[in-house]
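Biologist: Hi! Could you walk me through this fold?
Modeller: Happy to, let's look at it together.

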Amino acid sequence: MNRFKKSVFLKETATMQQQFAEKRAAMPEGTNKVLDRRSLETDNKNLLKYLNSGSSVLDVGCGSGAITRGIAGRAGKVTGIDTSESLIALARKNYGDISNLEFQVADIHTFDTTERYDIITAARVLQWLSDPKEALRKLKPLLKEGGVLAILDYNHEKIQWHPALPVEMQKFYDAFLQWRKDAGFDNAIADNLSQLFAKLNFKDINLEVQFELTQKRDADFASKAGIWSEVAKTRGNQLVKDKYITEEERLAAIAAYDSWIANEGQLMQMYLLAVEAK
Ligand SMILES: C[S@@+](CC[C@H](N)C(=O)[O-])C[C@H]1O[C@@H](n2cnc3c(N)ncnc32)[C@H](O)[C@@H]1O
């Protein structure tokens, strides 16, 4: 294969990989239940130190807009973008009357605008991209001089449950991570962000631990720890369709995990980092 043919082949392969990943990342129906419970103050609080009434903000992968609405309460002009038409429709329905806030259906890979932002944020989004470095490269020129890129994301390999998960849910979780990995998603993205920022010559890289801890004594333990029941009820259907688990295994995981939450479950901690840079 000559050099030209090889480069065309590599480009086509990358595009196919991205299309496959985007199909797998598409938010299944019902996920807004988890997203709607979030707020700026509890679930993206790393942004608070940057926001003021003059800031222009782009929220990439804004979902149903629950966090974006909070940003608009503390900033100037705010735009939320997301690939999901149904989540953007919900965001517009719920928060469409806020005058300094707009929502657009758009993909991080192709989003283009003449606007430049003081703050660009992407919370829990890069975990769903097969080439997160390329996404960061796309966002960099959209920042104003001195503007901040603030990424918040997980290392799913470092989640903790105490006591250990029931085997049925552990099996589901292992299958979920494998299903993600096979689509090219980085299960440990949180711990790789600083390096990606450095490779793209971002400056003043700041890393903050934002672990999401929920314990039995918390009033919302069942709903917070229950995120994995929700994942099994929604994403789990894709895992069954893609033959990573059977339907029986999916249902068994939900039942065993709900029982763990109601009985022996004491603690769940999701490993979440905020990495920000100029
Ligand atoms: C886990 S949700 C996070 C939503 C919200 N930022 C939060 O923290 O609650 C990830 C969101 O990223 C969106 N998303 C995934 N890939 C995207 C892309 N290529 N461009 C824009 N949004 C994307 C999904 O549709 C989904 O709404």
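**Sheet and cores**

Modeller: Strand S2 (residues 78-82) pairs with S3 in the parallel sense over 5 bridges; strands are DSSP E runs of at least two residues, helices H or I runs of at least four, numbered from the N terminus, and pairing takes at least two DSSP bridges. This is a predicted model, where local features need pLDDT of at least 70, side-chain atom pairs count only at pLDDT 80 or more, and totals for chains, interfaces and linings use all residues. Residues are numbered from 1 along each chain as its sequence is written, and side-chain values use heavy atoms, leaving out hydrogens and water.

Biologist: Which residue in S3 does Thr79 stand opposite?
Modeller: Thr79 faces Glu102 there.

Biologist: And what's the strand order in the open sheet?
Modeller: The 7 strands run S3-S2-S1-S4-S5-S10-S7, with mixed pairing. Strand S3 (101-105) and strand S7 (206-209) are at the edges with a single partner strand each, so one side of each has no neighbour in the sheet.

Biologist: Switching topic, which residues touch the most other members of the largest nonpolar core?
Modeller: Among them are Trp161, Met169 and Tyr257, in a core of 36 residues. Such a core joins buried Ala, Val, Leu, Ile, Met, Phe, Trp, Tyr and Cys through side-chain atoms within 4.5 Å, buried being under 20% relative accessible area (1.4 Å probe, protein chains only). H7 gives the largest share, 7 residues.

Biologist: What does Met169 touch?
Modeller: Leaving aside residues up to four places away in sequence, Met169 contacts Trp228, Ser229, Ala232, Ala253 and Tyr257, with contact meaning heavy atoms within 4.5 Å.

Conventions. Buried < 20%, exposed > 50% of the residue type's maximum accessible area, 1.4 Å probe, protein only.
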